[in-house]
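User: Hello! I am new to this structure and would like to walk through it with you, one question at a time.

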Amino acid sequence: MNIGTRKILDRSFTAVGIGSIIVMALALMIVVVPIVYNGIGAVFFTGTVEHRKMLQAEFSRGDSQYLSSEVASSNRYRAKVYEMLTGFEAELETMAPEKKAEYQAKYSQVRTALQALLGPLPGDPEPMLTRFKYGQTRWEKAEEKLHDLLYESKWDNTNPDVMGKEYFVNRAIGFEGTSLSRLFPYINENLEKMLLPEFTLYWGFITDSSVDSHFFGGIWPEIQGTFFLAIGAMLFAFPLGVVAAVYFTEYARPGFLNSMLRSANSTLAGVPSIVFGMFGLAFFINTMKVSESKSVIAGALTLAIMILPTIIRASEEAILAVPKTYREASLSLGSTKWNTIATVILPAALPGILTGGVISLGRAAGETAPIIFTAAVSVGSAIGLADVFSSPTPALSWNIYNLASEHEAATQIRHVQYGMVLALVTIVLLLNLSAIVLRARISKKLKG
Amino acid sequence: MAEESVGERNRSNAFVVSARKRTLQKVAKTAGEGMLFSVAFLVAVIVLFIFYFVARDAIPFFQIRGFSEFFTSSNWYPADEPGEFGALAIIYGSLMVTLGSAMIAVPMGVAAAICLSDILPFSIRQYAKPVIEMLAAIPSVAFGFFALVVLAPLMQDHGGPLLMWAWWILVSPFLLLAVIVIADLLTANIKEEKRRQRRHWMLLIFLGLFSMILMFKVGFVLNGIQILTGTNALNVSLILSFMALPTIVSVSEDALQAVGRDIREGSYALGATRAETIIKTILPAASSGILAAVILGIMRALGETMVVWMASGNSSHIPQPWFNYLEAIRTLTATIAGDMGEADQVTGSARFHVLFAMGLLLLIISFISNLVSERIVVRQRKILSGQ
């Protein structure tokens with residue numbers, strides 16, 4: 001090969017390496033940016049008067065006087081809509097039967113769309129579920145619902161070779177010549193006056209419990225459950241992990257037993273997380289009966305086993321990183337080995353050990369598979385500290401899965417799901433970031 | 001022991017320790033060490049317990065249904081009466097996404113590791129490492145949510161164009177490189193400089209045109225593909241590869257760092273470029289460590305639950321044709337997670353035990369690959385220290 005080609009190859013080799021790091025950073029961005037962007041939307045958004053009605057009724061929050069004046073002004077514009085509806089209903093009665101049947105079907109679609117937009121219409125029975133008591137609480141959702149009201153979505157399946165294509169038909173055309181045709185332009189023009197969108201800062205998303213399976217309200221039970229599980233796991237795993245690390249670094253003599261223990265440790269680190277969940281179910285719940293069925297304590301124990309090897313490894317590294325001179329100085333002053341470990345080595349290694357602990361805490365908070373069978377429940381309120389031995393808890397990680405994949409209206413509450421993901425990612429990344437900062441400071445300090 | 005005897009001789013010394021106190025100290029020391037040891041031993045006990053308790057609930061399945069159905073049939077109807085428990089398609093799905101993620105993550109991860117250990121200056125490396133750690137720290141359920149809510153609709157709506165652009169962006173630089181190298185290699189033997197140059201240019205133009213046509217043809221074929229479901233094996237493989245990357249990068253970087261400076265400098269001294277040094281000397285020296293990294297990364301992908309559960313489509317069948325990554329699949333982990341709630345625990349049915357059989361399979365695979373990777377690392381350390 002000639003020199004030029006070799007040079008090109010060398011450069012492109014470098015480019016591939018740098019490129020793959022850039023791709024990794026991009027991947028991180030691509031995953032994190034939509035989560036952050038949409039997740040922030042759960043707290044900061046353009047809320048409608050329906051949102052404020054909901055807050056007043058469910059959490060008795062907000063200025064009730066101001067709200068009633070708002071409701072009055074929005075009702076002024078809504079009244080005209082209701083008027084048109086009653087007018088059209090009267091018109092329906094006068095129509096020929098087959099024509100009436102045709103319009104009736106279309107009209108009931110319009111009513112459903114209006115209910116979704118504005119809440120229950122006059123004459124509707126009081127809805128059973130809270131989610132139907134209010135119209136759209138978020139302006140961007142209201143705009144989607146407005147589109148649903150103005151246009152009927154249909155599927156074009158004429159070509160069997162390709163997937164059906166969605167297209168929209170203007171509903172107003174369907175009501176041409178009736179009194180209802182005025183409704184569509186009216187709503188299109190006056191929706192803002194009916195819903196009164198306003199920039200909203202809803203901190204309650206973090207501190208409230210959910211209303212009607214996360215249609216409204218916040219995610220506090222999940223956040224609290226996550227903290228209970230993660231901290232519970234740390235309470236078990238951290239002391240055990242540090243003690244085991246002290247044994248491995250200070251006392252273990254090379255030999256069969258030691259290498260076996262180390263193998264066991266790395267095996268434990270490699271066990272798939274779902275298997276921990278099965279083990280937690282089979283051992284802690286079905287055999288040890290630490291609780292009747294799922295409970296926080298069973299989940300915390302399972303998570304503790306999962307993070308134990310990480311803590312052991314991190315603590316070992318931290319202890320080994322303590323300079324030899326510390327140890328020698330302490331021993332030369334006449335202190336025993338035990339004393340040296342307790343008063344010199346562990347304090348010096350403590351920041352490093354804490355770093356490992358913080359990272360493990362993040363891992364315990366984010367892991368889902370081990371708690372599916374042992375601790376997680378999809379709906380529920382925040383539990384008290386006394387209940388951790390008997391009752392399961394909702395947790396961020398599990399509820400993200402549950403809301404995104406199993407909730408009956410998963411696509412309608414995307415903002416809640418994004419908010420949860422952002423909360424979880426923030427918790428985990430903040431923990432990791434603090435660990436990174438901590439570690440950078442230690443390495444500076446140990447270098448002197 | 002020598003210090004003790006000195007202490008015994010100088011009884012008049014101020015540091016006198018009575019015999020009783022010394023025995024007490026000894027007992028305390030032994031007890032303390034014993035306690036430390038028992039805590040360390042707890043890890044081994046936990047591992048044994050995990051094997052025992054998973055196997056205990058897995059064995060009844062094989063007693064009831066035997067081995068052959070589980071491994072050879074792909075009829076998975078656990079809810080029927082009597083149920084069918086053929087897990088072949090599920091095992092295949094697991095292997096498929098694992099292999100798919102490895103195909104993306106291994107080249108990228110090794111390249112990134114090389115870049116981190118040999119190419120980038122130290123100051124940049126300091127910023128790259130936290131990025132990788134962050135990638136490792138993001139909870140799997142967040143990745144799963146991203147796959148399900150962002151990536152899957154994107155694939156379903158714009159699958160063809162996405163594939164086309166991915167092909168063009170990823171493959172065109174490599175194709176260009178291949179053209180240059182092939183043209184160079186084919187003309188290297190021609191002695192006469194002028195003729196060689198002419199040949200070289202002709203080959204470059206010819207191969208360049210050929211590869212252009214290839215690129216566009218394949219790109220347009222990809223553009224025509226319609227992805228019927230966004231929750232498919234490709235989606236999962238992509239996300240799993242991101243999750244396996246941090247492990248692969250950090251472990252292989254350690255392996256590359258373990259190869260000493262002297263080997264690198266020797267290669268440079270012989271006139272090799274950096275790429276040649278890395279490919280011909282450093283990678284072979286670090287190969288076993290990199291293999292261990294790859295095994296660990298693959299295990300992360302195989303054992304991952306949430307992403308595959310949310311974004312693989314959970315359909316238990318072997319794709320047609322077998323390498324079709326655009327079809328929905330189902331994996332072992334997702335089956336365990338999804339079916340445990342419905343499986344009847346109380347009566348101890350085959351439906352419950354089959355999930356533990358799957359868990360046992362995962363456990364055994366992870367155990368073996370862990371042992372293998374550990375052996376490899378130990379051997380590499382020995383070889384490198386011996387040199």
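This is a predicted model: local features need pLDDT of at least 70, side-chain atom pairs count only at pLDDT 80 or more; totals for chains, interfaces and linings use all residues.

User: Which residues does S20(A) touch, not counting residues up to four places away in sequence?

Analyst: S20(A) has its place in helix α1 of chain A. By the 4.5 Å cut-off between heavy atoms, and with residues up to four places away left out, S20(A) touches M108(B), A111(B) and A112(B).

User: Is S20(A) buried or exposed?

Analyst: Buried means under 20% relative accessible area. The relative accessible area of S20(A) is 5%, so S20(A) is buried.

User: How much area do chain A and chain B bury between them?

Analyst: Let's start with the residues: 88 of chain A are in contact with 87 of chain B. In chain A, the residues that lose the most area to chain B are F13(A), M24(A) and M278(A), which together make up 9% of what that side buries. Carbon and sulfur atoms carry 80% of the area buried between the two chains, and the total is about 7400 Å².

User: Which helix gives the largest share of the side of chain A that touches chain B?

Analyst: Polar contacts between chain A and chain B come to twelve residue pairs, both residues being at pLDDT 80 or more. On the side of chain A that touches chain B, the largest share is 23 residues, and they come from helix α1 (residues 3-40) of chain A.

User: How many nonpolar residues has the side of chain A that touches chain B?

Analyst: Sorted by class, that side has 20 polar and eight charged residues. Its nonpolar residues number 60.

User: How many salt bridges does the rule find across the interface of chain A and chain B?

Analyst: Side chains of opposite charge can pair when their charged atoms come close. Over all chains, the structure holds 24 salt bridges. Across the interface of chain A and chain B, the rule finds three.

User: Which residue forms a salt bridge with E276(B)?

Analyst: The closest N and O atoms of this salt bridge are 2.8 Å apart, and the partner of E276(B) is R6(A). The pair crosses between chains, from helix α10 (residues 274-303) of chain B to helix α1 of chain A. E276(B) is buried, with a relative accessible area of 19%. The name you asked for is R6(A).

User: Why does the pair of R253(A) and E33(B) join two chains?

Analyst: The side chains of R253(A) and E33(B) meet in a salt bridge of 3.9 Å, N to O. R253(A) lies in the loop between α9 (220-251) and α10 (256-270) of chain A, and E33(B) is in helix α2 (residues 19-65) of chain B, so the pair joins two chains. As for accessibility, R253(A) counts as exposed at 62%, whereas E33(B) is partly exposed at 22%. The two chains joined are chain A and chain B.

User: How many residues apart are E70(A) and R52(A)?

Analyst: E70(A) and R52(A) form a salt bridge whose closest N and O atoms are 2.9 Å apart. The pair links distant parts of the chain, with E70(A) in helix α3 (residues 64-93) and R52(A) in helix α2 (residues 49-59) of chain A; their separation is 18 residues.

User: How many residues has the largest nonpolar core?

Analyst: Residues with the most contacts inside this core come from both chains: I274(A), I50(B), F70(B), F143(B), M340(B) and M358(B). Leaving aside neighbours within four places in sequence, F143(B) is in contact with residues including V31(A), L135(B) and F242(B). The size of the largest nonpolar core is 195 residues.

User: How far apart in space are A404(A) and R414(A), C-alpha to C-alpha?

Analyst: A404(A) lies in helix α16 (residues 396-406) of chain A and is buried, with a relative accessible area of 7%. Beyond its neighbours within four places in sequence, A404(A) has contacts that include R414(A) and, on chain B, F145(B), L148(B) and M310(B). A404(A) and R414(A) are ten residues apart in sequence, and their C-alpha atoms are separated in space by 7.6 Å.

Key: Residues are numbered from 1 along each chain as its sequence is written. Chains are lettered from A and ligands numbered from 1 in the order in which they are written. Side-chain values use heavy atoms; hydrogens and water are left out. Buried area is the accessible area (1.4 Å probe) that two parts lose on being put together, summed over both. A salt bridge is a side-chain nitrogen of Lys or Arg within 4 Å of a carboxyl oxygen of Asp or Glu. A polar contact is a pair of N or O atoms within 3.5 Å; within protein, one must be able to donate a hydrogen and the other to accept it, and residues adjacent in sequence count only if both atoms are side-chain atoms. Helices (H or I, at least four residues) and strands (E, at least two) are DSSP runs, numbered from the N terminus. Ala, Val, Leu, Ile, Met, Phe, Trp, Tyr, Cys and Pro count as nonpolar, Asp, Glu, Lys and Arg as charged, and the others, Gly among them, as polar. Buried means under 20% relative accessible area, exposed over 50%, partly exposed in between (1.4 Å probe, protein chains only). A nonpolar core is a set of buried Ala, Val, Leu, Ile, Met, Phe, Trp, Tyr and Cys residues joined through side-chain atoms within 4.5 Å.
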